There are 4 protein chains.
Amino acid sequence: MRQRSGPGVGLIGSGFMGRAHAFAFGAVAQAFGLERRPVLEMLADGSETSAQRAASALGFRRATADWEALVADPAVDVVSITTPNRLHAPMALAAIRHGKHVWCEKPLSATLDGAIAMTRAAEAAGVSTMVGFNYLKNPMVEVAREIVRSGEIGEITGYRGIHAEDFMADPDAPFSWRCRPEEAGGALADIGSHAIAMARFLLGEVDRVFASLDTIHTTRPLPEGGSAPVRVDDQAAMLLRFRDRPFTAIVSNSWLASGRDMQLAFEISGTKGALVFTQERFNELRYYRLGADGARKGFTTINAGPVHGEYGAFCPAGGHQIGFNDLKTIEAKKLLDAMDAGRDAETGFRDALSVLRVTEAARLASAEERWVRMEEIADA
Amino acid sequence: MRQRSGPGVGLIGSGFMGRAHAFAFGAVAQAFGLERRPVLEMLADGSETSAQRAASALGFRRATADWEALVADPAVDVVSITTPNRLHAPMALAAIRHGKHVWCEKPLSATLDGAIAMTRAAEAAGVSTMVGFNYLKNPMVEVAREIVRSGEIGEITGYRGIHAEDFMADPDAPFSWRCRPEEAGGALADIGSHAIAMARFLLGEVDRVFASLDTIHTTRPLPEGGSAPVRVDDQAAMLLRFRDRPFTAIVSNSWLASGRDMQLAFEISGTKGALVFTQERFNELRYYRLGADGARKGFTTINAGPVHGEYGAFCPAGGHQIGFNDLKTIEAKKLLDAMDAGRDAETGFRDALSVLRVTEAARLASAEERWVRMEEIADA
Amino acid sequence: MRQRSGPGVGLIGSGFMGRAHAFAFGAVAQAFGLERRPVLEMLADGSETSAQRAASALGFRRATADWEALVADPAVDVVSITTPNRLHAPMALAAIRHGKHVWCEKPLSATLDGAIAMTRAAEAAGVSTMVGFNYLKNPMVEVAREIVRSGEIGEITGYRGIHAEDFMADPDAPFSWRCRPEEAGGALADIGSHAIAMARFLLGEVDRVFASLDTIHTTRPLPEGGSAPVRVDDQAAMLLRFRDRPFTAIVSNSWLASGRDMQLAFEISGTKGALVFTQERFNELRYYRLGADGARKGFTTINAGPVHGEYGAFCPAGGHQIGFNDLKTIEAKKLLDAMDAGRDAETGFRDALSVLRVTEAARLASAEERWVRMEEIADA
Amino acid sequence: MRQRSGPGVGLIGSGFMGRAHAFAFGAVAQAFGLERRPVLEMLADGSETSAQRAASALGFRRATADWEALVADPAVDVVSITTPNRLHAPMALAAIRHGKHVWCEKPLSATLDGAIAMTRAAEAAGVSTMVGFNYLKNPMVEVAREIVRSGEIGEITGYRGIHAEDFMADPDAPFSWRCRPEEAGGALADIGSHAIAMARFLLGEVDRVFASLDTIHTTRPLPEGGSAPVRVDDQAAMLLRFRDRPFTAIVSNSWLASGRDMQLAFEISGTKGALVFTQERFNELRYYRLGADGARKGFTTINAGPVHGEYGAFCPAGGHQIGFNDLKTIEAKKLLDAMDAGRDAETGFRDALSVLRVTEAARLASAEERWVRMEEIADA
């Protein structure tokens, strides 16, 4: 009677996101009552020791220091890549070569070329892919998109979005991979990509981009002493035009935003209503709809509940709240669905490439101080 | 290298709370990196069919319609009881007879006698027990208690607490077990117990009680047609005196509170500060501390993060938020810790009995319109 | 073309409330476009010097240290009493003897006897009276009452109200008139009266009362050194039954509520909706109404605007906000309207006496630990 | 003993802002205890009838339909101009010619040339001027500037500001003067000027500007039937660089922002803290300062009180709240102070011209799709 074994999972990396993938694959069968329960087959990490420790803690059957062995392992059906950004492309390409499905953290790749190659390879191989834009898996964000698409708040006339955190606000925050462009460092790639992905999720494809990137703290202390010049952006202000939208959207990001842990937020205005959201309270959606009675006008704070998308997989009672890891569990579910259906998932490589291309366009726009059309940026 | 098998779990019931227990036992090893992973051994439900369906969906090895077999099964080490309230006592007593540890949903029992018997039996047998006052497992509530205990906000001088929801606000909400006193129906037992448990968690033992219980909707429609008289309370207003506190606390509850999904909230005042909390935004704690600069006076909204108790088991980044099921996972962890240590858990049977005694005192106080001392209520 | 002179105003006292009355009489003609502008005729204060200084600063024609001269002055039509509580009765009685209309700050009197005498005298003389329950003049509170009365949120089934501030939270806050019962000291008289007045405004007449009054800080330092015993309450928890309401309301107050400047708040539940209000954001009313679409359920935050009562007298644009002094201006307007109409104003002496009687009932209930019926308390 | 008569006030216009000026001049002496009380001398409006009606309602001595008589009247010392934008320049120039001080609503002029002429004339004549950027008179905004200037939140590294309302959100909102460029129509001039003024108030002089202006609703219905093409912007997204700031600020505005009555808001990030403000709750300032204890990290909501600037002129108790008209009263006070001191006021013509020049730069930047340096825009 026990659930049949489902796809074998290979996880590369055991940090924040590695654990999140492990939690998601561990919980998804229970939450969604899946007939086939994913098997936590193998975990690869930097050393045998760390891999064994992580595998034990996270419940994986086997551990390895050799990620190439993992992606080649016949018991592994889907590979989770949660390593530093510059490793995404080689790992994903290798996994795809072995016919594996891939769940990769964002940004898709440290280079545009890498992302294009990944997208082409995945599509040629016909594997399912997923990229970790987990905040888009929030049922309340899906509700927001439905409201936008259905016309419930009229024609959309404005958008302001942001992703701001403060983990680099201290000028003495140390130099790290985040400060190196070749590792997809910089706030735009790191968190701006979430803000872009959110806008695109809600509004459709970007058409052209203007941007201004700031590097405020131009050197950072090295852990080993001394300091190094910083060659990445601390924040970006972007103006985006979308293909079928009549307005200029404002999308910005910063990792210098003191006091902010997770301000991935937006306000959408329509001719008949509006939506306000922040990831800081992601079980809520503030909703305004033009009504007949001006004396009762105002924004309604909707609490997430089982009437909202996948919330009910976790809890049958509204207002009880899902957590960050539940978003990753929904992400895992969507990947498994895609694998079952033999298609790509939403927010797969193709979508992630589109986001990455917007960040490239923003860099170019900022450097050349002009609007950049998306056609100027290479595509898969 | 795989995690060694941990205690065998037997789950009775597969509704809201049954699933929550299954999620918790499924996730606890990953979240806390346990060496011994609980084994989802057996699930009992009303019928073979429903038990098998639930066992499959939730990942249990075996299913049964016979809960007595479950509590007697040698592979079961800990029994989760998530059945209707009147079944808590017989099931728990049977499980304890077989030397099992018990995780029981609240209220501990439909009768005070049952709860006393359960508490005595568990203590005599030396098993570990846990009762599902899951909201007390919230790291931010634990932080609140530390702040109260440490004197960080001075001497405590006031408390107002509530648990309000609206699932019975409609006068036409149907008659159900919730409307029967013999099944521990009524808002006081159902959600008031959470409000009492919260106050007791933060302030210590109750000394005496005044209360006024209302039954607003005196009949409710029967599902089969017609209507039945309601013999339970819809809401309660309680005044509580605590053993070592100089003030009268106000604790109330209602299941008629239209618009409220989960308003388990409190405000604590001290001579040097205050705390404001609501489960509606349970990853936040509003905090005021008297400072030197009156021009910067105000409540600070603290976002939960890894500096706060067990939050870090789920996420290393502040502001990302844990969800309802994570609270249950923490609860499971505390039970497993107690089992390992050979002691009882906090919010075990003894604590739950204390909460139940306060609800009894409140009923008596309301009926006789007088303050009732806790010594008047039978104890284990 | 200039506005004709309106009633002559005599103001006794020049503190917080004295200034507020002066502002209100100064602004009311402009705000409401009155044909007859009140004349700031005379101001009485403790000494000639302070009276002259205040009269000059506040724009009064004449100053005096002799309030008896003021209440007798033929150019004075309406007397504002903003002096310490124990002076309310003698001043009001004197003013009424001279046929003056009276605007008195709350509590109406330091004694129940005084309040009864004042009410009888005013009614016998046929003068118009107003008592400074200014928070009830807020357009959003009036909207709340309309919603309650109209049935818009169904039958009312619950109420929790509070008035909490923190100006006595420090145990070393000095002994003052606020600590003397004979001057209507104590939190219940001082701010609890606002919480009672609010509940009564919204729900109607109180029928019976249970209460528990706390004195937490039993001595306070004297300004001149040493300390004095405190014989008044720091906070009160009250349970109120209303004449035509099926539920027990919870009304409380405290002046020990650290961090709170002005938490005069309530939550009203009805079978079809709810209202949440706090004076801390008094230009807002949170509103819930049961709707067909559960997926859009939530509380709506309504911003005050010209569609809400007297707001439009101050500003034709919603969301711009009125201030505390504007509430007093509305109060002045209501008094002037009553004077013009030859009747008493709402929240006049009779209403204020009703509030005072509830505070008396609460004291008795707390002392005797029993429910007190309002008939037990003397009335005018 | 009565207050001596102060400057004679001449008010042109009696709409929203006309009334607000009248309220302010009516209240300022009481609020600030001025020795010299402004005299409401003369009101000019479109017709004799409307002028007389408004003068009577607002308490002015005389009325006229001839504004030129008003600005020439010897009893008038200061002229308030609250007429349509295109009339600001001729009226102000005439008033200045007669040596009058001028309080003019924003935008300063419908044309840049007009604004330059006004500024030059005022400075040549040595009169005091004030322009109605009333939101900058808010004590909490002044506190914000002090915090920025003092370094209390470290070096400033980011700014996002907005002014959004919804009065033109309906595509069928009728064509009016707001839709005509020659009357300073368009959202940028109308409300964007507030957002720019706020940013400049907090951060200093703008250096260069990028912008994108949208016209979403390209025709609007005419009141008389039919429709007219709209030649003004509905919203603007601006990127601003400031003279001595290392970052790109984002400043935007919209009058299509459904649900928003008064979202004049900003978030300022510094290396050691942050400030968040919205005019929607303008008695509050959200404040974050980096502290030693990460477990108590968060934004503090500060309530306005007498420790904050001019708040105390209106109320000695914190948390009681001032209103929109009180901001205008503060504005009047600052103008009277400047008149007394024989200097110009802050947010006088020179400041307003600077704001207007930024709006001009934004138009040019949007049209030519390039950064525009402020030197490119004509100045006084």
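Helix α4 (residues 88-97) of chain D packs against helix α5 (residues 112-125) of chain D at an angle of about 15 degrees, and their axes are 10 Å apart. Axes here are lines fitted to C-alpha atoms, for helices over the stretch in contact, and angles run from 0 to 180 degrees between N-to-C directions. Helices (H or I, at least four residues) and strands (E, at least two) are DSSP runs, numbered from the N terminus. α4(D) and α5(D) are therefore roughly parallel to each other; angles under 35 degrees count as roughly parallel, over 145 as roughly antiparallel, 65 to 115 as roughly perpendicular and the rest as oblique. The crossing of α4(D) and α5(D) is left-handed, a label used if the near helix is turned anticlockwise from the far one by less than a right angle, with right-handed used if clockwise. On the α4(D) side the contact (heavy atoms within 4.5 Å) involves D:His88, D:Ala89, D:Ala92, D:Leu93 and D:Ile96, and on the α5(D) side D:Gly114, D:Ala117, D:Met118, D:Ala121, D:Ala122 and D:Ala125. Sorted by class, the contact of α4(D) with α5(D) holds nine nonpolar, two polar and no charged residues. In this sorting, Ala, Val, Leu, Ile, Met, Phe, Trp, Tyr, Cys and Pro count as nonpolar, Asp, Glu, Lys and Arg as charged, and the others, Gly among them, as polar.

The model is a predicted one, in which local features need pLDDT of at least 70 and side-chain atom pairs count only at pLDDT 80 or more, while totals for chains, interfaces and linings use all residues. Residues are numbered from 1 along each chain as its sequence is written, chains are lettered from A and ligands numbered from 1 in the order in which they are written, and side-chain values use heavy atoms, with hydrogens and water left out.

From α4(C), the residues in contact are C:His88, C:Ala89, C:Ala92, C:Leu93 and C:Ile96; α5(C) contributes C:Gly114, C:Ala117, C:Met118, C:Ala121, C:Ala122 and C:Ala125.

The α5(A) residues A:Leu112, A:Ala115, A:Ile116, A:Met118, A:Thr119, A:Ala122 and A:Glu123 meet A:Phe349, A:Arg350, A:Leu353, A:Leu356, A:Arg357 and A:Glu360 of α9(A). The contact of α5(A) with α9(A) has eight nonpolar, one polar and four charged residues.

Turning to the backbone, most residues other than glycine have a negative phi, and most peptide bonds are trans. The peptide bond from A:Lys106 to A:Pro107 is cis, with omega near -5 degrees, and A:Pro107 sits in the loop between β5 (101-104) and α5 of chain A. In chain B, a cis peptide bond with omega of about -5 degrees joins B:Lys106 and B:Pro107; B:Pro107 is in the loop between β5 (101-104) and α5 (112-125). B:Thr347 is not a glycine, yet it has a positive phi of about 55 degrees, and this residue lies in the loop between α8 (324-341) and α9 (349-368) of chain B.

Next comes the arrangement of the chains. The same surface serves both copies, as 100% of the contact residues of chain A recur in chain B. Chain D can likewise be laid on chain C by a turn of 180 degrees and a shift of 0.0 Å along the axis, with an RMSD of 0.0 Å. The C-alpha nearest that axis in chain D belongs to D:Gly323, 1.8 Å away. Because 100% of the interface residues of chain D are also interface residues in chain C, these copies meet through the same surface.

Notes
Least-squares fit on C-alpha atoms with pLDDT ≥ 70 in both.
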